[in-house]
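Welcome, and thanks for taking a look at this structure. Here is a short briefing to read alongside the picture, grouped by topic.

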Amino acid sequence: MPQQFQNRNVTDCEKTTMPVEFITICVIAFIAGVLTTAYFCYSMGFGMKMPGGWTMSMMWMRMPGQTWFTSMLCYMLMWLAMMVAMMMLPALPTFLKTRRKWTSHCYMATGYFAIWLIAGIAIYPVGVWLAKMEMKSEPISRAVPLLSGAILIVAGAIQFTRWKRKHLLGCRSQFGCAAACPEHEKSFRLGCEQGATCFACCAAPMTILLVLGIMNPLAMILITIVITAEKLLPRPEITARVVGSAAIVAGIIMTIHWASLTSA
């Protein structure tokens with residue numbers, strides 16, 4: 001790239017002011033996400049007691065009078081609101097590092113959360129299928145705590161891998177001034193790329209959330225703190241390892257508890 005073109009990009013990037021409009025939109029979206037998530041937790045936070053001593057979230061079941069389509073729409077709204085509430089704070093500094101125009105930031109954020117929405121849509125049929133299997137088979141239902149413990153151990157182990165470190169560094173890095181003030185289409189695509197990197201980085205913490213309970217407000221707060229710490233605090237590898245160690249210990253305890261109940 002010619003030096004003159006590089007200098008023009010850097011100059012444009014430096015001249016772009018802090019996007020107050022974008023920050024305002026993010027604050028409004030964050031508040032709306034928190035309130036909507038709190039509403040769903042209050043209205044659907046109860047669950048069904050299952051054999052094996054665990055509780056199934058109502059999110060994977062249809063409410064009276066609902067079709068599967070309306071149930072999925074309700075889930076998508078809940079998931080998107082939860083992602084905005086959980087991911088807005090850690091993602092915002094990454095967006096602002098690029099010093100773009102506020103309209104480009106909006107397109108970028110739209111692409112970012114579009115990836116998280118697609119991830120939620122992919123999770124939904126798996127959750128519904130597992131819920132049906134658990135309700136139809138008592139042995140499967142009783143084995144859920146064992147499976148949950150194993151998943152926690154695997155999720156904790158992922159936190160120590162090179163794959164986790166790679167995506168964590170990519171998730172923390174800024175988009176770069178070399179692509180300053182692009183067209184809106186490029187901003188949307190850039191947001192999608194960052195969303196995909198962020199999803200890969202947060203796969204283990206989000207798996208832990210699904211195990212602890214997707215409608216569990218304490219679990220949401222805990223995982224939000226974990227993700228925010230990994231993205232914003234210095235030495236993110238230490239945070240990732242602490243979280244991984246805690247998940248492994250929790251998985252082992254859950255497995256031992258299941259074995260003691262089974263043998264009793």
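By class, the residues lining the largest cavity are seven nonpolar, two polar and one charged. Please keep in mind that this is a predicted model. The notes below begin with that cavity, then turn to the pockets and the helices.

- The structure holds one cavity of 30 Å³ or more.
- About 50 Å³ of space lies in the largest cavity.
- Ten residues line the largest cavity, and Ala91, Thr94, Tyr112, Cys171 and Gln194 are the ones nearest its centre.
- Two elements, H3 and helix H7 (184-201), each give two or more residues to the lining of the largest cavity.
- With four residues, H3 gives the most to this cavity lining.

**The largest pocket**

- The largest pocket holds about 910 Å³ of space.
- Its lining is made of 34 residues, and those nearest the centre are Trp54, Val144, Ser148, Leu210 and Val211.
- Strand S2 (54-57), H4, H5, helix H8 (203-212) and helix H10 (236-263) are the elements that give two or more residues to the lining of the largest pocket.
- Which element gives the largest share of the lining of the largest pocket? That is H4, with six residues.
- Sorted by class, the lining of the largest pocket has 21 nonpolar, twelve polar and one charged residues.

**The second largest pocket**

- About 210 Å³ of space lies in the second largest pocket.
- Among the residues that line the second largest pocket are Phe30, Val34, Cys41, Met82, Met86, Pro217 and Ile221.
- The elements giving two or more residues to the lining of the second largest pocket are helix H2 (20-44), H3 and helix H9 (217-232).
- H2 gives the most here, with five residues in the lining of the second largest pocket.
- The lining of the second largest pocket divides into ten nonpolar, two polar and no charged residues.

**Helix H3**

- Why does the end-to-end distance of helix H3 (residues 68-96) agree with its number of residues? At 1.5 Å a residue, its 29 residues should span 42 Å, and the end C-alpha atoms are 39 Å apart, which agrees.
- H3 bends by about 55° at Met88, and a proline, Pro90, follows within four residues.
- Met76 is one of the residues of helix H3.
- Setting aside neighbours within four places in sequence, Met76 is in contact with Leu117 and Ile121.
- The C-alpha atoms of Met76 and Ile118 are separated by 9.3 Å, while the two residues are 42 residues apart along the chain.

**Where H4 meets H5**

- Two packed helices are described by the angle between their axes and the distance between the axes.
- For helix H4 (residues 102-136) and helix H5 (residues 138-158), the axes come within 5 Å and cross at roughly 115°.
- On the H4 side the contact is made by Met133, Glu134 and Lys136, and on the H5 side by Glu138, Ile140, Ser141 and Val144.
- The residues of this contact of H4 with H5 divide into three nonpolar, one polar and three charged.
- Val144 of H5 takes part in the contact with H4, and Val144 is also among the residues nearest the centre of the largest pocket.

Conventions: Residues are numbered from 1 along each chain as its sequence is written. This is a predicted model: local features need pLDDT of at least 70, side-chain atom pairs count only at pLDDT 80 or more; totals for chains, interfaces and linings use all residues. Side-chain values use heavy atoms; hydrogens and water are left out. Axes are lines fitted to C-alpha atoms, for helices over the stretch in contact, and angles run from 0 to 180 degrees between N-to-C directions. Contact means heavy atoms within 4.5 Å. Ala, Val, Leu, Ile, Met, Phe, Trp, Tyr, Cys and Pro count as nonpolar, Asp, Glu, Lys and Arg as charged, and the others, Gly among them, as polar. The expected span of a helix is 1.5 Å times one less than its number of residues. The bend at a residue is the angle between axes fitted to the seven residues ending there and the seven starting there. On a 1 Å grid over the protein atoms alone, a cavity is a set of points where a 1.4 Å probe fits but cannot get out, and a pocket is an open set with protein on both sides within 12 Å along at least five of seven lines; lining residues have an atom within 4 Å of a point. Grid points are joined across faces, edges and corners, and a volume is the space filled by probe spheres set on the points.
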